[in-house]
Amino acid sequence: MQLSNGKTLTLILLSALLLGSEVHIESHHLVAPDSLQYKQPSIVSGRTDVVAVTPWLAPVVWEGTFNPVLLDSIYKPQNISIAVTVFAVGKYVMFLKDFLETAEQHFFIGFNVHVYVFTDQPTKVPQVKMAAGRQLTVCSVPSSKRWQEISARRMELIQTLIEEKLQNRNDFIFCLDVDSKFHGRWGTESLSGLVAVIHPGYYRDDRSRFPYERRPESRAYVGPGQGDFYYCGGAFGGLLQEVHQLAKTCRSNFEADAKEGIEAAWQEESHLNRYMWINKPSKVLSPEYLWQDFKPRNPEVYIVRFSGVVKNYAEIRPNV
Ligand SMILES: *[C@@H]1O[C@H](CO)[C@@H](O)[C@H](O)[C@H]1NC(C)=O
């Protein structure tokens with residue numbers, strides 16, 4: 001009797017474990033409702049002016065390569081939840097209002113979104129009316145004297161946030177620059193395990209011109225003839241566990257470099273580029289997903305979804 005009770009308990013525990021992993025698998029299983037009508041997909045006609053897949057067969061997301069209605073109806077029943085981090089330290093708090101307001105208009109509309117604002121001035125976080133299912137949490141951080149330090153600590157804060165607050169509560173996370181605004185849809189088409197965004201400044205250039213860290217003694221080093229694309233430090237994301245691994249690795253490499261007196265050319269962006277070269281992103285977002293306001297739109301960019309605002313560095317950075 002006792003033995004059989006023990007067995008029953010083991011079975012219950014096992015089924016709970018299996019059920020847990022089943023739920024997990026389910027969230028990567030793309031189930032479409034059979035009632036949905038949509039445009040017939042084609043494999044012989046489509047965009048010909050851009051490349052929509054990487055050499056390791058990850059999609060590159062451009063306008064015209066996906067059906068937003070189809071994607072939303074696949075993800076909607078899964079009740080997914082998206083965490084977002086933004087860092088608004090020092091004068092960067094001035095960008096929060098536009099960032100938050102435009103996110104309400106364009107970022108994962110109709111989904112659960114939880115924005116985490118990291119700031120040294122919690123009282124200056126603007127009140128922005130958020131739709132049902134969307135919320136904001138303010139996290140206090142100490143002020144930093146150098147913007148390079150603020151940038152360096154981001155990976156640590158992302159790592160800690162995932163470990164302490166997000167496990168089991170969110171499915172995906174995006175880490176975004178605050179000095180930017182949304183101008184068009186950013187939604188379920190961007191979901192994947194590890195998601196990188198192509199930097200708008202270099203995507204037509206030879207990789208010898210990418211501003212990777214070029215000193216072999218740095219842990220962010222990418223050598224001549226190496227690297228795939230130049231990715232943005234200002235936007236990346238994916239599944240929680242993937243982004244946790246990225247943040248943890250970049251942070252420890254950054255700190256190990258610092259102990260030896262090395263600061264990579266573009267701080268965390270350099271470390272992220274090294275990481276994404278070794279750990280290939282499972283989805284790559286085109287420069288539509290992080291443009292720069294001062295840059296004229298190139299013809300292959302049909303829509304700018306998210307873009308860095310023009311700013312006066314001398315005015316907002318504590319030191320340059
Ligand atoms: C959907 O997710 C939200 C946020 O994670 C949660 O509060 C809500 O209870 C979920 N709804 C259902 C029907 O599971």
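**Close-up views of a predicted model**

**View 1. Salt bridge between E63 and R305 in the predicted model.** E63 counts as partly exposed, at 28% relative accessibility. The closest N and O atoms of R305 and E63 are 2.6 Å apart. The two residues are separated by 242 residues: E63 lies in the loop between strand 1 (60-61) and helix 2 (68-75), and R305 in the loop between strand 10 (291-292) and strand 11 (306-308).

View 2. Helix 5 comprises residues 240-259 and reaches 28 Å from its first C-alpha to its last, close to the 28 Å expected. Among its buried residues are L240, L246, F254 and D257. D257 has a relative accessible area of 0%, whereas R219 is partly exposed at 29%.

**View 3. Salt bridge between K280 and D228.** The N to O distance is 2.7 Å. K280, in the loop between helix 6 and strand 9 (283-285), is 52 residues apart from D228, in the loop between strand 7 and strand 8. Both residues are partly exposed, K280 with a relative accessible area of 33% and D228 with 24%.

**View 4. Positive phi at N168 and Q267.** N168, not a glycine, has a phi of about 70° and is exposed, at 82% relative accessibility. Q267 in helix 6 (residues 267-278) has a phi near 45° and is buried, with a relative accessible area of 5%.

How values were computed: Residues numbered from 1 in each chain as written. Predicted model: local features only at pLDDT ≥ 70, side-chain atom pairs only at ≥ 80, totals over all residues. Heavy atoms only, no water. Helix = DSSP H or I, 4+ residues; strand = E, 2+ residues; numbered from the N terminus. Expected span 1.5 Å × (residues − 1). Buried < 20%, exposed > 50% of the residue type's maximum accessible area, 1.4 Å probe, protein only. Salt bridge = Lys/Arg side-chain N within 4 Å of Asp/Glu carboxyl O.
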